[in-house]
Amino acid sequence: GGNQGNQGGGGGQWQRQQGPQIGQGGLKRADNKWSKEKKEDALSKTKLAIMAILNKMTPQTFDKLSKQLVEIEVESSEILDMIITSIFEKVLGEPHFSELYASLCLAISDHNATWPFIKTIKVVNDKGTKYFWLQDIEKDEEFVGPFADKLACLDKFTTFRSASGDTDATSIPTVSKPGLNLIELVYHDEHLIKMYQGPDDDQFYFSALPFEAPAEDGLFDSEDAALKEAHRRVSFKRLLLNKCQEEFEKNNVLEEVEKQFAAVDTKSMSEREMDAHKEDKEMALIKTKKRMLGNITFIGELYKKQMLRDRIMHFCIMRLLGLVSMDAEGQLYTDGSGQPTLLKDDTIETDDESTESLCKLIATIGRQLESDPRAMKLGSFYIPQYFGVLERLSKDRTQPSRIRFMVTDLLELRDNDYVPRRKQDKAMTKEQIRQQAEIDYNVAQQQAMGNANQGGGGRGGGKGGGGR
């Protein structure tokens with residue numbers, strides 16, 4: 001059997017959900033070594049193709065390579081997960097390309113409204129026809145048949161069950177028939193029945209697998225309704241956000257690295273080995289911090305591409321500040337005048353890394369968050385409170401100077417309408433680099449001419465500039 005399509009559900013800011021999965025199906029339950037090796041080989045080749053595209057991707061090659069990646073056939077949830085994981089690991093390792101990878105994710109999400117590995121199953125019983133959905137249903141290699149039509153397949157299945165009294169219909173005699181196409185899935189009499197048809201004839205075949213029925217709330221009145229729910233819960237965007245959420249919710253990641261290296265017995269180490277140990281620890285801390293900041297920047301870029309709503313941004317900001325907006329019953333906290341307010345949540349641990357992540361996130365999304373026409377109304381109450389906390393933090397002498405300066409820079413950035421006073425590293429195409437170089441050259445030439453003109457009347461009075 002497998003997990004049913006009624007899992008998950010519920011609301012919340014970050015709701016991680018996964019579609020159900022069904023493993024090896026069919027009449028023969030034993031593993032087929034050749035089939036397994038063929039599947040692993042196909043996955044390996046797909047992985048190589050994905051990484052080859054991602055490793056060559058730059059702003060200049062984006063249009064061509066994103067089209068290639070979008071056109072990769074996503075025949076299973078494994079391939080989908082492989083694509084998402086590969087992109088996610090790249091963006092954590094290359095945060096300066098966050099905007100580029102966010103654009104790639106938007107392109108994949110827009111292109112794939114449905115997945116071929118999601119199938120609907122018709123429930124046939126005396127209560128009427130219902131539907132549910134599953135993913136990753138594999139084709140069989142042996143079948144029962146042939147029959148004139150699909151109804152004859154069901155009749156044979158029912159007759160065999162009644163005549164033999166066998167509770168497991170997988171013992172029905174079978175035939176091998178390569179090249180059959182899976183055309184329909186039916187749940188009947190505690191079995192998942194797969195209907196097949198030959199490519200060049202009108203004959204039908206079936207296989208049967210004992211299967212646990214889904215709960216009533218996992219059943220739908222129509223096939224379209226079942227498919228709609230399936231694609232909502234197994235959308236590229238939802239699964240990608242699960243990755244972001246999982247990374248975001250990792251607590252005390254730098255502290256864990258410190259503990260890991262502190263647990264190593266260094267007493268018998270030579271001086272050279274100690275130096276190597278310290279260097280490994282520093283590199284691990286740098287890598288972990290890079291992942292943390294890369295993820296928060298990527299979340300911000302996804303929001304700017306409208307793949308995330310502002311409520312998730314507010315959730316992240318509150319979490320990083322250690323604030324909460326509602327009680328356990330979901331009631332908003334309000335102040336004396338009845339306006340929504342935020343309270344400190346002592347159950348949320350915050351540290352210097354939380355503040356650094358917060359500054360990175362607001363620097364990325366602040367301008368859009370404060371002017372988002374789609375923004376929730378509560379944002380207008382909460383944003384001033386965020387910056388009230390940050391103002392106090394910037395003046396708190398108990399904070400490390402690095403943190404105070406970082407928060408002060410963020411406050412100044414906001415005062416400057418989120419326009420950086422100094423240029424930030426950003427991925428550019430060759431044409432953009434050429435244009436920027438030309439601008440820089442012209443500015444330098446104008447400055448040189450200005451200096452030369454000023455120099456004629458400056459101290460020293462010589463040609464070409466003033467004396468120093």
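**Entry 1: a proline to start with**

I began at Pro146, which is found in strand β3. For the labels I use DSSP runs, numbered from the N terminus: helices are H or I with at least four residues, strands are E with at least two. The peptide bond that joins Gly145 and Pro146 is cis, with omega about 10°.

Housekeeping before I go on: this is a predicted model, where local features need pLDDT of at least 70, side-chain atom pairs count only at pLDDT 80 or more, and totals for chains, interfaces and linings use all residues. Residues are numbered from 1 along each chain as its sequence is written, and side-chain values use heavy atoms, with hydrogens and water left out.

**Entry 2: positive phi**

I looked up Asp189, which has a positive phi of about 55° although it is not a glycine. Asp189 sits in the loop between β5 (181-188) and β6. Its relative accessibility is 36%, so I log Asp189 as partly exposed; my scale calls a residue buried under 20% relative accessible area, exposed over 50% and partly exposed in between, with a 1.4 Å probe and protein chains only.

Asp417 also went on the list: its phi is positive, about 60°, and it is not a glycine. I find Asp417 in the loop between α13 (401-415) and α14 (430-455). Asp417 is partly exposed, with a relative accessible area of 41%.

**Entry 3: rings**

How many aromatic pairs does the structure hold? I get eight, pairing rings of Phe, Tyr and Trp (its six-membered ring) if their centres lie within 6.5 Å; planes under 30 degrees apart count as stacked, over 60 as edge-to-face and the rest as tilted.

I checked Phe132 and Phe211: the ring centres are 6.4 Å apart and the planes are at 20°, so this pair is stacked. It links distant parts of the chain, with Phe132 in strand β2 (residues 128-135) and Phe211 in the loop between β7 (204-210) and α6 (223-233), 79 residues apart. Phe132 is buried at 0% relative accessible area, and Phe211 is buried at 5%.

Phe143 and Tyr196 came next, with centres 4.6 Å apart and planes at 70°, so I note them as edge-to-face. This pair links distant parts of the chain too: Phe143 is in strand β3 (residues 142-147), Tyr196 in strand β6 (residues 191-197), 53 residues apart. Phe143 is buried, with a relative accessible area of 3%, and Tyr196 is buried at 0%.

I also see Phe132, Tyr187 and Phe211 linked into a cluster by ring pairs.

**Entry 4: charge over ring**

My test here was NZ of Lys or CZ of Arg within 6 Å of the ring centre and within 35 degrees of the ring normal. Arg414 lies over the face of Phe387, 3.9 Å from the ring centre. Arg404 lies over the face of Phe405, at 5.9 Å from the ring centre.

**Entry 5: salt bridges**

I count 17 salt bridges, each being a side-chain nitrogen of Lys or Arg within 4 Å of a carboxyl oxygen of Asp or Glu.

One of them joins Glu229 and Arg232 at 3.0 Å, N to O. Both lie in helix α6, three residues apart, about one turn of the helix. Glu229 is buried at 17%, while Arg232 is partly exposed at 39%.

Which parts does the bridge between Glu247 and Arg291 tie together? Glu247 lies in helix α7 (residues 236-248) and Arg291 in helix α9 (residues 271-304), so the pair ties together parts 44 residues apart in sequence. The N to O distance is 3.1 Å, and Glu247 is buried at 13%.

Lys304 and Glu301 meet at 3.8 Å, N to O, and both are in helix α9, three residues apart. Lys304 is partly exposed at 35%, whereas Glu301 is buried at 9%.

**Entry 6: enclosed space**

I found one cavity of 30 Å³ or more. Its lining includes Ile317, Glu370, Phe387 and Tyr418. I take a cavity as a set of points, on a 1 Å grid over the protein atoms alone, where a 1.4 Å probe fits but cannot get out; lining residues have an atom within 4 Å of a point.

The largest share of the lining of the largest cavity, four residues, comes from α11.

Notes:
1 Å grid on protein atoms, 1.4 Å probe; cavity = no way out; pocket = protein on both sides within 12 Å on 5 of 7 lines; lining within 4 Å. Points joined across faces, edges and corners; volume = space filled by probe spheres on them.
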